[in-house]
Amino acid sequence: MTATDPALTALSQGWIALSLLHGRIETRIERALQSGHDLSVREYSLLDVLSRQHSGPGGHLQMKQVADAVGLSQSATTRLVTRLEDRGLLTRYLCDTDRRGIYTDVTPDGLTLLSEARPTNDRALRIALDEAAENPELAPLVRAVEELKAVPA
């Protein structure tokens with residue numbers, strides 16, 4: 001392939017469009033969550049992921065799994081957990097079966113904030129997608145997002 005290869009150009013244009021859509025969505029949600037709930041998109045995502053844990057076998061996520069789920073490095077995720085723990089939204093404790101393991105749970109205050117923020121997140125996402133759908137270059141991506149089904153955990 002060369003730099004002027006039409007397939008490469010189309011692939012690059014698709015990637016640019018996807019990146020643009022992601023940026024617009026994240027910016028819209030970030031503003032809404034910050035102004036309404038003093039939460040960043042990453043903080044919201046972390047609370048959301050951790051709120052889905054359970055006490056059964058395999059129910060608690062390791063920090064690497066949490067980091068992968070929110071798209072951050074393990075060290076960035078640990079810093080984020082610490083920030084939310086300092087705000088009283090998360091708590092950490094040692095794993096009963098492996099003293100090296102540390103679990104993180106959402107506190108009742110964290111669950112309350114998450115339930116208050118979820119409609120804000122969903123509304124901002126809908127607005128961002130509706131706005132993007134008006135752009136002919138982004139409309140196919142919006143349709144693809146809307147057609148995605150939830151992936152079982």
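**Figure 1. The whole chain, element by element.** Starting at the N terminus, the elements of this protein follow the order α-α-α-α-β-β-α-α. That makes six helices and two strands in the secondary structure, where helices (H or I, at least four residues) and strands (E, at least two) are DSSP runs numbered from the N terminus. The model is predicted, so local features need pLDDT of at least 70 and side-chain atom pairs count only at pLDDT 80 or more, while totals for chains, interfaces and linings use all residues. Residues are numbered from 1 along each chain as its sequence is written, and side-chain values use heavy atoms, with hydrogens and water left out. The C-alpha trace spans about 55 × 40 × 25 Å along its principal axes. Of the 153 residues, 33% count as buried; buried means under 20% relative accessible area, exposed means over 50%, and partly exposed lies in between (1.4 Å probe, protein chains only). Among contacts (heavy atoms within 4.5 Å) between residues at least 6 apart in sequence, 52% join residues at least 24 apart.

**Figure 2. A look into the largest pocket.** Rolling a probe the size of a water molecule over the atoms shows where empty space is left. The largest pocket holds about 770 Å³ of space. Its lining has 19 residues, and those closest to the pocket centre are Ile-29, Val-41, Ser-45, Asn-121 and Leu-125. On a 1 Å grid over the protein atoms alone, a pocket is an open set of points where a 1.4 Å probe fits, with protein on both sides within 12 Å along at least five of seven lines, and lining residues have an atom within 4 Å of a point. Grid points are joined across faces, edges and corners, and the volume is the space filled by probe spheres set on the points. Which helices supply at least two residues each of the lining? They are α1 (6-37), α2 (41-51), α3 (63-70) and α5 (108-133). The largest share, six residues, comes from α2. By residue type, the lining divides into 10 nonpolar, three polar and six charged. Here Ala, Val, Leu, Ile, Met, Phe, Trp, Tyr, Cys and Pro count as nonpolar, Asp, Glu, Lys and Arg as charged, and the others, Gly among them, as polar.

**Figure 3. The largest nonpolar core.** In soluble globular proteins, nonpolar side chains tend to be buried together. A nonpolar core is a set of buried Ala, Val, Leu, Ile, Met, Phe, Trp, Tyr and Cys residues joined through side-chain atoms within 4.5 Å. The largest one here has 31 residues, and those with the most contacts inside it are Leu-21, Leu-33, Leu-39, Leu-46, Leu-47 and Leu-90. Two or more residues of this core come from each of α1, α2, α3, α4 (74-86) and α5. The largest share, seven residues, belongs to α5. For a closer look, pick Leu-39: leaving aside neighbours within four places in sequence, Leu-39 is in contact with Glu-30, Leu-33, Gln-34, Tyr-44, Leu-47, Arg-87, Leu-113 and Ala-117.

**Figure 4. Thr-107, a residue in a loop.** Thr-107 lies between β2 (102-106) and α5, in the loop that joins them. Is Thr-107 buried or exposed? Thr-107 counts as buried because its relative accessibility is 13%. Leaving aside neighbours within four places in sequence, Thr-107 is in contact with Gly-88, Leu-89, Leu-90 and Thr-91. Thr-107 and Leu-90 are 17 residues apart in sequence, with 5.1 Å between their C-alpha atoms.

Figure 5. Side chains of opposite charge can pair when their charged atoms come close. A salt bridge is a side-chain nitrogen of Lys or Arg within 4 Å of a carboxyl oxygen of Asp or Glu, and by this rule the count comes to 10. One of them joins Asp-48 to Arg-52, with the closest N and O atoms 2.7 Å apart. Asp-48 counts as buried at 14% relative accessibility, whereas Arg-52 counts as exposed at 55%. In helix α3, Asp-68 and Lys-64 lie four residues apart, about one turn of the helix, and their salt bridge has its closest N and O atoms 3.1 Å apart. Arg-126 and Asp-130 are also four residues apart, in helix α5, and their side chains meet in a salt bridge (3.0 Å, N to O). Finally, Asp-38, Glu-43, Arg-83 and Arg-87 are linked in a network of salt bridges.
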